[in-house]
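Please look over the sequence and the model shown here before reading the notes. The points that follow are grouped by topic.

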Amino acid sequence: MTKHSKLRKEKGKVISFLPTGEYYYTKGLKALRKRELPKAKKYLSRAMDLEPMEPMIACQLAVVETELGNFEQSNGLLHFVLDDLDPLISECHYFLANNYAHLGLFKEAFKHAKAYLEQDETGEFSEDAEELLDLIELDSEEDFAELEEQDELIVLQEEARYLLEGGSFEKAIDRLEGLIAKHPDFWPAHNNLALAHFYLGEIEKAHQVLENVLEKNPGNLHALCNLAVFFFYEKQYGLLRQLVDLLRKTYPLLPEQQFKLGVTFALIGQYEDAYRWLKKLHKSGFEGEPAFYYWLSHSAYFSGRQEAAEKAWKQMLRISPEKAGQEPWATKKTEHLGHEHQPSSIVKRMNSEYEEERLFGIFLLSVTDDHKKVMGHSDFCDIETLAFREKIYLADVLGMPVDTKLKEEARIRLGHETALALYKRFQPIGTEEAGLLMLWFTVFGELAEEQTRLKNSEAFAAATEYMWHKLRGEKKSQTSLAEKYNLSLSTLQKYIKYVRERL
């Protein structure tokens, strides 16, 4: 099935053009012939802005969208041509048939292939259209009914996905719940419903949906991957570690599942595993999606493969040039000074809804070069909204007089000195170092509520570093860490046990 049209060969003359419209249309065709698809899209979109009622422009733009893999956008243009501009352009039916076949909507593909042959039985694409009909092989009304149900599932699922990506979570939930009511065993809808609840902050509902999926469909990979991402963002590192171990033993055969697994590993910071799966997909010929190259580049970069990361990013920019400036090393460049020297980063953390992140923000404030610049930031947090422990910590950091008993009660000294012990060994604070310190403040949040005799800040720092390496799948011996922090092995093991139990 070809994606190409005689329209591309400029047969005939485009009439009723304004000069500027014709200019951009011509540039678009030249770019298309050179296979410079992003440029072709840019020029043809501009031509369509100037000549919105010229069907030839819309048809050519639809061809470019198809070439870029944007089948839904192409379909929108083609339906616009047939419905509002010129219903006699038969090629539009063939292009629609081709697009719908790529999307798996075979009933729609069948319908438009038939419409093309009825309008232009001996047309340029007649053989391709007949071949498409043979492939679909619809012989009865039962076949149509079955395909109609499949098409409905795909269309509704795609609509829900677009709503999710656009941030319309409540609408997505309504759509998905309606879909699930009709098709209770359609698991992709359940998994997207869990994501919608999670994005809305309805954590308990999100987990309930996934639990229901895994109860009725054990081993559902998409549900397990979503659960891993939930655990990561909820900082439930103990549960995450168990799930990561399970996912590492999973070997899906379908490219879609391999992609999901690779992206999940990237999202939770397991870049070696992410790169292994995404690279495997790339070698097998998987390509075309901007998201694929985005995560391939990120996993390559953060696993130390700069050249592979740059190559993947170049491939992504060919499809999505608007992503320029968002490459993984671009964010790294702004981190060479460390988060502790970026007022906006400090303020953002101090405004977080999570206690451990607010505590980390106060620590960053303690080691920054310019307190006044942070305190004078327009978005600096409302101190009155901070919890008791945070107010005590902030006052101590700013050098304000604080009652010694209050500091002891809040365990501020232990929390701060442990963080300093880590900072001494891990600075400046980039993305990875921030994860380490966040891990400590997560533990500290639990520790501060308990009565424990463990007070060795160096031992807590060593134990936190050990668990950090373990959660990232990195091998680090307890003996080497004991030497690094000048501890006995038995002391370190005691603190590791304490930290592990609180993650």
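The model is predicted. The protein chain has 503 residues, and 50% of them count as buried. Its secondary structure comes to 28 helices and zero strands.

**The chain as a whole**

- Take the contacts between residues at least 6 apart in sequence: 59% of them join residues at least 24 apart.

**Aromatic pair Phe-426 and Trp-468**

- The structure holds 23 aromatic pairs.
- One of the pairs is formed by Phe-426 and Trp-468, whose ring centres are 5.6 Å apart.
- The planes of these two rings stand at 80°, and an angle over 60 degrees counts as edge-to-face, so the pair of Phe-426 and Trp-468 is edge-to-face.
- Phe-426 lies in the loop between helix H24 (412-425) and helix H25 (431-447), while Trp-468 lies in helix H26 (residues 457-471).
- The pair therefore ties together parts that are 42 residues apart in sequence.
- Phe-426 has a relative accessible area of 15%, and under 20% means buried, so Phe-426 is buried.
- Trp-468 is buried as well, with a relative accessible area of 9%.

- Phe-460 and Tyr-495 form an edge-to-face pair, with 4.8 Å from centre to centre and 85° between the planes.
- Phe-460 is in helix H26 and Tyr-495 is in helix H28 (residues 489-501), so this pair ties together parts that are 35 residues apart in sequence.
- Are Phe-460 and Tyr-495 buried or exposed? Both residues are buried.
- Phe-460 and Tyr-495 also belong to a cluster linked by ring pairs.
- Other members of the cluster include Phe-360, Phe-363, Tyr-423, Trp-440, Phe-441, Phe-444 and Tyr-498.
- Tyr-498 has Arg-502 over the face of its ring, at 3.5 Å from the ring centre.

**Packing of helices H6 and H7**

- Helix H6 (residues 106-119) and H7 pack at an angle of about 145°, and their axes are 9 Å apart.
- The crossing of H6 and H7 is left-handed.
- On the H6 side, the residues that meet H7 are Phe-106, Ala-109, Phe-110, Ala-113, Lys-114, Tyr-116 and Leu-117.
- On the H7 side, the residues that meet H6 are Ser-126, Ala-129, Glu-130, Leu-132, Leu-133 and Ile-136.
- Ser-126 lies in helix H7 (residues 126-136).
- The relative accessibility of Ser-126 is 11%, and the limit for buried is under 20%, so Ser-126 counts as buried.
- Which residues does Ser-126 contact, leaving aside its neighbours within four places in sequence? The contacts of Ser-126 are Tyr-116, Leu-117, Asp-120 and Glu-121.

**Ala-421 in helix H24**

- Ala-421 is found in helix H24.
- With a relative accessible area of 3%, Ala-421 is buried.
- Leaving aside neighbours within four places in sequence, Ala-421 is in contact with Glu-458 and Ala-461.
- Ala-421 and Ala-461 are 40 residues apart in sequence, and their C-alpha atoms are 6.2 Å apart in space.

**Backbone details in loops**

- The peptide bond from Gln-427 to Pro-428 is cis, and its omega is near 0°.
- Pro-428 lies in the loop between H24 and H25.
- Arg-35 is not a glycine, but its phi is positive, near 65°.
- Arg-35 is placed in the loop between helix H1 (19-33) and helix H2 (37-50).
- The relative accessible area of Arg-35 is 44%, which lies between the 20% limit for buried and the 50% limit for exposed, so Arg-35 is partly exposed.
- Asn-486 also has a positive phi, about 60°, although it is not a glycine.
- Asn-486 is placed in the loop between helix H27 (478-484) and H28.
- The relative accessible area of Asn-486 is 72%, and exposed means over 50%, so Asn-486 is exposed.

Methods:
Residues are numbered from 1 along each chain as its sequence is written. This is a predicted model: local features need pLDDT of at least 70, side-chain atom pairs count only at pLDDT 80 or more; totals for chains, interfaces and linings use all residues. Side-chain values use heavy atoms; hydrogens and water are left out. Rings of Phe, Tyr and Trp (its six-membered ring) pair if their centres lie within 6.5 Å; planes under 30 degrees apart count as stacked, over 60 as edge-to-face and the rest as tilted. Helices (H or I, at least four residues) and strands (E, at least two) are DSSP runs, numbered from the N terminus. Buried means under 20% relative accessible area, exposed over 50%, partly exposed in between (1.4 Å probe, protein chains only). A charge sits over a ring if NZ of Lys or CZ of Arg is within 6 Å of the ring centre and within 35 degrees of the ring normal. Contact means heavy atoms within 4.5 Å. Axes are lines fitted to C-alpha atoms, for helices over the stretch in contact, and angles run from 0 to 180 degrees between N-to-C directions. A crossing is left-handed if the near helix is turned anticlockwise from the far one by less than a right angle, and right-handed if clockwise.
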